[in-house]
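Please look over the structure shown here, and then follow the paragraphs below, which lead through its cavities, a pocket, its sheets and some backbone details.

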Amino acid sequence: MDDTPDNHSEGRDHAVVLGAGLAGLLTARVLAERFARVTVVERDELSEDGLRFRPGVPQSRHAHVLWARGVDVMEGLLPGITAELTAGGCALLESPRDFLWLSPADWFGPLPGTRVLLGSRELIDWTLRRAVLRDGRIRLLAGRAAAGLVAGADGRSVAGVTLREDGPLPARLVVDATGRTSRTPAWLAALGYPAPALTRYDSHLGYSSRTYRTPADPARPWRGMYVQGRPDSPRGGVLVPVDGDRWLVTLIGNGEHAPPTKDPDFLEFARGLRSPALYDAIREAEPLSDPTGFRGTANERRHYERADRWPEGLLVVGDAACRFNPVYGHGMTVAALGAQALHEALAGLDTEGIPAACRALQRRTAPAASVAWQIATSEDLRYPGTEGPPPDRATRILQRYMSRVMVGANTDAALCAPFFGVLSLTAPPTTLLSPGTVLRVLSKWRLPTSPEAPAYPPHHRSP
């Protein structure tokens, strides 16, 4: 009897997902509709309450945003998850109306834009993990590291994964959702497949973040704050409410302007932003943590979807395929969009046929990241020190046009709504090219794109 892993009865109706981050958990939720068993393998140990930092999500100590499209997609995959997140302490706000937001052009007025969910990454992941694991078909193996892929009988397909601690784990489908720790390129080489092409842009952005106790102020007219940098003043900062009655403050800077990770330099950096608003908010607030830095902010896209040959039984999703400069806040939303794309791509396939369809599935799920990739890379290319392919003529034209869109969106509700629709990935970029929108943008073409903004917007009081 043939006892190779791909014919082993244990793996015939089993899928394995590597990584218990947001992309991995949502992918497991989708696959549980098609496979009798789904195992999520996570190299980090996970605490009982789930609310502790873990190395596999190094960016978790910094500000996170789940845009409206991500909220809606997650709610569709896990009905009731939005209520669970807000009950746990996440805030569902309207952006920019609930914020003090200084764009590269000027302050946004109190205009309608889009919904945004804010909370600590630990709370978001923990809440999502609890919801996903309520499905009895899904189990979690924490504290396990994947050592390689199990080859099928032909030597070129994938029939499972080898765990460093437990040996082979047979499966009909293996999905890599491990993000920056992905070893899939090396594993593909071991099976005789070439490494995928890599596109990379790095603006050398740095983060430094710490939490504060939210000061009591019933009259405070805002819930969050964003002071953006721009090429001639590449320092910024964001303040968001997170669970536990805390503020999470993330300072941002490019290259030599990367923010410090020690006191009192953290506060001094905040003092030097384009507006004193963020400094004024935190200068008397009680710090609850030390500043923590993060520098791994390059945009990286591994083009698995372009492969001429692809093994049956393997799929790469989430940050393992495409990750972004986190300053634009698209990572979690794109992870949700990737899971939704996989759900749609699996329609009409039976479980037996999924491994053979993996090349097509890779191509159908890759576009979920395309708009966020375009936004992140075209904006990063505004900074002169950015490493990567130079902008082409179309990108330069788009940059000029988007600068004018921003000028109008600061004060014009008819431009603010579509701008945030695109930023939140709810509306396609072509929304900003509709005839009516173009005419409104052109009507403001003479306005300066980088005016000297007042210290505070006129519609909000200073401290």
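What volume does the largest cavity have? The largest cavity has a volume of about 190 Å³, where a cavity is, on a 1 Å grid over the protein atoms alone, a set of points where a 1.4 Å probe fits but cannot get out, and lining residues are those with an atom within 4 Å of a point. A volume here is the space filled by probe spheres set on the points, with grid points joined across faces, edges and corners. Of the 17 residues that line this cavity, G318, A321, T365, A366 and A369 are the closest to its centre. The elements that give two or more residues to the lining are strand 18 (299–302), helix 8 (331–345) and helix 9 (358–365), and helix 8 gives the most, with three residues; helices (H or I, at least four residues) and strands (E, at least two) are DSSP runs numbered from the N terminus. By class the lining divides into 10 nonpolar, four polar and three charged residues, with Ala, Val, Leu, Ile, Met, Phe, Trp, Tyr, Cys and Pro counted as nonpolar, Asp, Glu, Lys and Arg as charged, and the others, Gly among them, as polar.

The model is predicted, and for that reason local features need pLDDT of at least 70 and side-chain atom pairs count only at pLDDT 80 or more, whereas totals for chains, interfaces and linings use all residues. Residues are numbered from 1 along each chain as its sequence is written, and side-chain values use heavy atoms, with hydrogens and water left out.

Helix 8 supplies the largest share, four residues, while by class the lining has five nonpolar, three polar and no charged residues.

Next comes a space of the open kind, a pocket, defined as an open set of grid points with protein on both sides within 12 Å along at least five of seven lines. About 310 Å³ of space lies in the second largest pocket, which is lined by 18 residues, with S60, R61, E122, T211 and R246 nearest its centre. Helix 4 (121–133), strand 13 (205–213) and strand 16 (246–254) each supply at least two residues of this lining, and the largest share, three residues, comes from strand 13. The lining of this pocket divides into four nonpolar, six polar and eight charged residues.

The sheets can be followed strand by strand. Strands of a sheet pair through backbone hydrogen bonds, either parallel or antiparallel. Strand 12 is joined to strand 18 by four bridges, and T199 stands opposite R301 in strand 18.

Strand 4 and strand 6 (residues 114–118) pair over five bridges, and A91 stands opposite L118 in strand 6.

Some backbone details remain. A cis peptide bond, with omega about 10 degrees, joins S95 and P96, and P96 is found in the loop between strand 4 and strand 5 (99–102). The peptide bond from D263 to P264 is also cis, with omega near -5 degrees, and P264 is found in the loop between strand 16 and helix 6 (265–271). H204, in the loop between strand 12 and strand 13, has phi near 60 degrees, a positive value in a residue other than glycine.

Definitions and conventions
Pairing = 2+ DSSP bridges.
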